[in-house]
Structures are given as structure tokens and as C-alpha cells.
Amino acid sequence: RIRHYKWEVKYEYKSPDCFKKLVITINGKSPGPTILAQEGDTVIVEVTNKLLLENLAIHWHGIRQIGTPWSDGTEGVTQCPVVPGDTLKYEFKVDRAGTYLYHAHYGMQRESGLYGSIRVSVPDNFTEPFAYDYDRSIILTDWYHKSTYEQATGLSSNPFVWVGEPQSLLIQGKGRFNCSSASLTADTCNTSNPECSPYAITVIPGKIYRLRVASLTALSALSFQLEGHNMTVVEADGHYVEPFVVKNLFIYSGETYSVLIKADQDPSRNYWMTTNVVSRLPNTTQGLGFLNYYPNHPRRSPPTVPPTGPIWNDAAPRLAQSRAIKAHHDFILTPPTTSDRAIVFLNTQNRINGYVRWSVNNVSFTLPHTPYLIALKNKLHHLFSQTPPPEGYDFVNYDIYNVSKNPNATTSNAIYRLGFNTTVDIILQNANTLNVNNSETHPWHLHGHDFWVLGYGDGKFDVNKDPKNYNLVNPIMKNTVPLHPYGWTAIRFKADNPGAWLFHCHIEAHFYLGMGVVFEEGIDKVGELPSSIMGCGETKGFGKP
Ligand SMILES: O=C1O[C@H]([C@@H](O)CO)C(O)=C1O
């Protein structure tokens, strides 16, 4: 079946957390409409850019785009941006049931509110490994009051102006800023504005709910809680998980989970739904929503104070949850037992000519003027650097626990070319930032593939010892994984999807500052590119009759 959507994207004044600012909406809404489809369907989205002064691209996060790499929606990698006034038709197959997302992939545009859910249901004759009565989706975000332009300008300046901690946390696009904390007029900030009334999920006592929880924060790692209710984790990034129970669901930007909850508590009241910042010193009040027991009023406050979140700087429970996520025993996709190539990616914050940047192996990524997919397909190799980027770093001498003695890095737009159908291991290695005793959490997202998560570790990855402990028995497949502070994360994937694919830190400011790489595989097998994606750079007008 074909699922056809027509979207108009524009800026509108909205007050998602009671503070009025410009928000990017789709057909008048942020979050945008949920895409509902069934495995095997074709989704067509015709996007019209009505942003007036700004380009646009939309990425279908978790959809592998097998056979349609030009529909991945990654500006600079797989397409030219959609200029104001233009319409672009995205067309792709949703080939696997699960919980996915869509969001802007042009500059830091995602954090202006351009995002939503994709829910792909199982085929008619298929039974899932768990039962539930109702299915609900929510997206967690953090929210800034400064515009994307102010943020991007600060990040690109010397002296560096960091974006800072967010002003509020949103649950399904709703949050609450303390308007009296700043001298703001009622027109600018008004807590009785219905646009910022807390999000509520209504449940019928006794029923089981599948709650699809996703994070698209710009910066924050979150802990998600439902007061008085345990959650059973059953799905991660579109793959069934061997079930396990949590009170706090740790979730990183770009991840999706399904959890089961039973509405089995005292039905005469409502319960808090909360999000808390973890892994960075929180300077944002917790996000609040309601778990509303029918027939209580959905806006009736619970009689309790909202539960406090976990200790923000205790990394141990976060690492433990990452390690607990294994493939469901009936749905194990076994990884190849060996790889053809292993690349280590050292994650560092650097300084280039006085400007703060983020790097992989001391190379800070920049996008070329002509998108890679188009340049590669047309064999225009002069359009980006042909010097292969590094496969590792100075393992012997680099001290990951301290500020680098030489924080200098270089910029490059070179890419990693992978042999088609080869098996590739990536070991993400964390390190200290430019500040003493500081290492941050980075959620890494791969386009065009799912990967097996082979393991997580503390400290420096040992190439002789650590691979012996890889989980090759029941590793989960995901498209986004956290790299924990001072730790490493090892993943494996098959380079079997012809195209050019971004792999990057999902923190908006970090990718903006160069924290990403591009992989190319099987470019000769990519079909003819639609001319609609080629209207920029040196290939402007290519494919036009
Ligand atoms: O890129 C970043 O910059 C700041 C800080 O390191 C400098 O102010 C921070 O926390 C980041 O993640």
C-alpha cells in the first residue's frame, strides 16, 4: 500500500513551554503528524518549504532507504536542500515494523521543532512476542529560547559561545518554563496558555499500554519515569528486546524504545510522567506530563510531588542499562563472527585556529558544496578531499583521561570508502574534553543501516583483550548508541546498502561543530538519481531534460 502525505513546513509563533517563539511546524503542528504505515508499505511525503528565508531537508530516522539512498534526507550528503517555495517528494519503503522518527537534517533546524513519529506496524499474519491493549507514541525533547541562528553564530564564533543548558524539557511538544523567573510580559510568557498545558496519556485501569518513547533532544541525555509504574522494555530502534524491567528509562537523542506498562495502580488519581537531564549538570527543571487514569480529569494534578530523577553524574546505571539491551531470544539476527575492517574513532573536543570544534581522530568534519551521493555517482572526485581519513589514533601515547596536550585538529570533507558487502567494526572511543575532569555522553547515529552492538566498556579500548568479550550470541541491532563518558562502544555492520551514509553524534551542536563521518559503499550499484535532489553545487541542473 501507498501512504501519501502532503506537508507544508513553515515558521509560526507558538508557546510549547509557555514562552512565545518561532517554531517550525508541519501542517500547523509541532511535533508534526505521525506517519502510520504497515511493514512493506511505500511512504510518499511531498514537502513544501514555506520557511520563507530558510532551506530545508527531512531525514527519515531509522528507515534504511534500501534502494532509495537519495531519499535519506541528509542535506549535503544525499541531497541538495529544498529552497524556499520548492516542493520535494520523498518516496521510500518501510521494510521493517518498528518505532522510527523523522526530523529536519539541515544545519541545526531539528531543534526548532521540525520532528515527528513514524510507526510501522507488523504484517497482518504476524504475532509480536508480547501483548498489549493500546499503542501510544511520545517524543521527548529539550527546548531552547534562542533561535537556531543565534546558537549557530555563537558556536561559530571566537570566543566560542556555547548554547548552554536548555530552558525546558518537552514531552510530546509540551513543557513549562517558569515565566516569573525572567522579567517577561504576559504576551511573551503565560503559564495559563493552553498551548503549554501538560501532555497527558489517558489510560483505562487494568489495561496494558505499549508506549513508544523516543528522544530527539538537541543536547540532553534523559531519564524518563512514570510515577508508581515499572516499565518493561520490549523494543529498541525497531528490534525486539529480551524483556527487562526499569524504573528509569535512560534515553539518548535518536533512540526509540517501546515499553509496556500496566495501569494497575489506584485508579482514583493521576500520576506524574517525568523527564530529567542526566550526564550533564542539570540546569533545567524536569519535564512533566500526566499519566491520566480514566475517568479522572486529564489536567488534574497528582496529589504527590513529582518524583526526583536519578543522580545526574552516576554513570554506572546508564552503562548497566546499555548492557542489558539484548536481542529477544526468538528474534536473534546473528552477526558475522569476524569483521573485514575495524576502525577506531577517537571522540575529542578540539581547537582549530582558536575556534572550538569536535573531531573524530583529530579530523573535524565539514560538508562539501556538492552532496556526496551526487558527486560520487557522477564520479566528480575533485569535489571533495580524496585523502583517506585516519583509521585510528595514537593508541600508545594519547591519554584519554586528560585534556589533550595538543588539542589542535584539522578539518576535512574526506569520506570512508567501504568494500561492498564487507563487515565493518567501529569502535567509538571517548576521551576528556577541553575541560579538566570532563568527558561527555555522545549518542552516535548511523544512516542507512542497523548495526549490532557488540559491547560497551570503561576506559581505553584494548584491541587485544576487549574483542574477546564481544557479544556475538544475542547482540541487539540498533541505529543509535550512546558512547559513555571515558568509555568505548563497539558496533558491527554489513556495508550492504549502496549509497553515501552519515554516521554522527546526534547532539545538534556537536555535529554542527564537526562530529561525524561519511561512509560510501557500492556507489556503482546506486540507481539513477532523481533530478529533484540535484539543484545545487557543481551538479546544478544535472538530470534535467
Ligand atoms: O561543545 C561543548 O562546549 C561546551 C563546553 O565544553 C565549553 O563551554 C560543552 O559542554 C559542549 O558539549
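Student: How many bridges join strand S25 to S30, and how do the two strands run?

Tutor: Two strands pair if DSSP finds at least two bridges between them, and strands are DSSP runs (E, at least two residues), numbered from the N terminus. Here, seven bridges join S25 (residues 423-429) to S30, and the two run antiparallel. Val424 has Phe493 in S30 as its bridge partner. This is a predicted model: local features need pLDDT of at least 70, side-chain atom pairs count only at pLDDT 80 or more, and totals for chains, interfaces and linings use all residues. Residues are numbered from 1 along each chain as its sequence is written, and side-chain values use heavy atoms, with hydrogens and water left out.

Student: Why is S30 described as largely enclosed?

Tutor: Buried means under 20% relative accessible area (1.4 Å probe, protein chains only). Seven of the eight residues of S30 (residues 487-494) are buried, so the rest of the structure largely encloses this strand.

Student: Now the ligand: which residues are around it?

Tutor: A residue counts if one of its heavy atoms lies within 4 Å. The shell holds Phe160, Trp162, Arg280, Gln349, Trp358, Asn435, Glu440 and His510.

Student: What is the distance from the side chain of Glu440 to a ligand oxygen?

Tutor: A polar contact is a pair of N or O atoms within 3.5 Å. For Glu440, a side-chain N or O atom is 2.7 Å from a ligand oxygen; for Trp358 the distance is 2.8 Å, and for Gln349 3.0 Å.

Methods
Polar contact = N/O pair within 3.5 Å; in protein donor to acceptor, adjacent residues only side chain to side chain. Buried < 20%, exposed > 50% of the residue type's maximum accessible area, 1.4 Å probe, protein only. Helix = DSSP H or I, 4+ residues; strand = E, 2+ residues; numbered from the N terminus.
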